[in-house]
Amino acid sequence: MPENSTNAPTVRGAKISKYPIEHYVADPADTPVQATDSAVSSEAPVSLWLEAWRNLRRQPLFIISAFLILAVIFVALFPGLFTNEQPNAQCMLSNSDGGPAPGHPLGFTQQGCDILARVMYGTQSSLTIGLFATLAIVIFGGTIGAVSGFFGGWIDAVLARLGDIFFALPLILGAIVVVQIPFFRENRNVWTIVLILAAFGWPQIARITRAAVIEVRDADFVIAARSLGVSRTGALIRHVIPNSLAPVIVIATISLGVFIVAESTLSYLGIGLPPDVMSWGNDIFSAKSSLRSNPMALFWPALALSLTVLSFIMLGDALQDALDPKARKR
């Protein structure tokens, strides 16, 4: 229905149209109120982790990577189920660089050892180093980053500069230098390699944790907890850290594959695990001398290494899409 507005205000110096201004107002009977809010208020809110799990279940990338990782873990725990051979006890020089044979589907190494047995048993050392090195950097680097980001001030300045010093040292180069120290050179084993890799790998986790904590520390729920009498340390442990774990989990998953590669690199250079310890890096190092005559001795441990590292990288990508709403694929 039109409404004429003829009593329009006059502005000095402005030219007013001689035609009246018409406003059209719709009849309320023609525009009924719609039920815009159809959400059921009795439903419990979905947590970040539950929503992430729902997204992960629909991602082929997550399903494939999780299946491969579970297979690698199962092989590391029960290598005897996949081969009846002992990797070092039944090595015969008469089988040197031999091809596939009954009971030995992948052939033999230059020392006459069964390749399948060495690949299966080598999974233990490589996966153990990657797993515990990642666990160490998450605990140490995560603690440094959380304290630095939450308390700020001079604590943040000191810890941040400490992280910058270690972050400037390349992982492999730093590990090569430290391994040459007499104590570590004479006591090379799985745990010393874990310690060395963790010593140079924690700054990245610390930086990621610090940034995540800074983003969460001023949230409303943290301020509410502090107003209810929760101490700063209690707020950090109970509220800030649990809500800052998403990016840390993603980086830790990718770092696990990086540490497996780092151990293999050190072993390939001859300064990682001792030769009597089975690992994929040692097998690749031993096979390089017979690459032309028996390339399959290098191919199989390299394939196991590549698939394992690729699985953790794919898992990290899938977790990032699920845990970071800004990075989700539309």
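Reader: Which residue just after helix 3 takes a positive phi?
Author: G152, with a phi of about 65°. Helices here are DSSP runs (H or I, at least four residues), numbered from the N terminus. This is a predicted model: local features need pLDDT of at least 70, side-chain atom pairs count only at pLDDT 80 or more, and totals for chains, interfaces and linings use all residues. Residues are numbered from 1 along each chain as its sequence is written, and side-chain values use heavy atoms, with hydrogens and water left out.

Reader: What caps the N-terminal end of helix 3?
Author: D114 does. One of its side-chain oxygens lies 3.4 Å from the backbone nitrogen of L116.

Reader: Where is the kink in helix 3 centred?
Author: On G122, at about 30°. The bend is the angle between axes fitted to the seven residues ending at a residue and the seven starting there.

Reader: And how far apart are the end C-alpha atoms of helix 3?
Author: 53 Å. Its 37 residues should span 54 Å, so the two agree. The expected span is 1.5 Å times one less than the number of residues.

Reader: Switching to charges. How many salt bridges?
Author: Five. The rule is a side-chain nitrogen of Lys or Arg within 4 Å of a carboxyl oxygen of Asp or Glu. One of them pairs R118 with D283, the closest N and O atoms being 2.7 Å apart.

Reader: Why does that pair tie together parts 165 residues apart in sequence?
Author: Because R118 lies in helix 3 (residues 115-151) and D283 in helix 11 (residues 280-287).

Reader: Is R118 buried or exposed?
Author: Buried, at 10% relative accessible area. D283 is buried too, at 7%. Buried means under 20%, exposed over 50%, partly exposed in between (1.4 Å probe, protein chains only).

Reader: What about D164 and R161?
Author: Their side chains meet in a salt bridge, 2.9 Å from N to O. The two are three residues apart in helix 4 (residues 153-167), about one helical turn. D164 is partly exposed at 27%, and R161 is partly exposed at 49%.

Reader: What does R217 pair with?
Author: D218, with the closest N and O atoms 4.0 Å apart. R217 is partly exposed at 26%, whereas D218 is exposed at 55%.

Reader: Which residues do shared partners join into one network?
Author: R161, D164 and R207.

Conventions: Polar contact = N/O pair within 3.5 Å; in protein donor to acceptor, adjacent residues only side chain to side chain.
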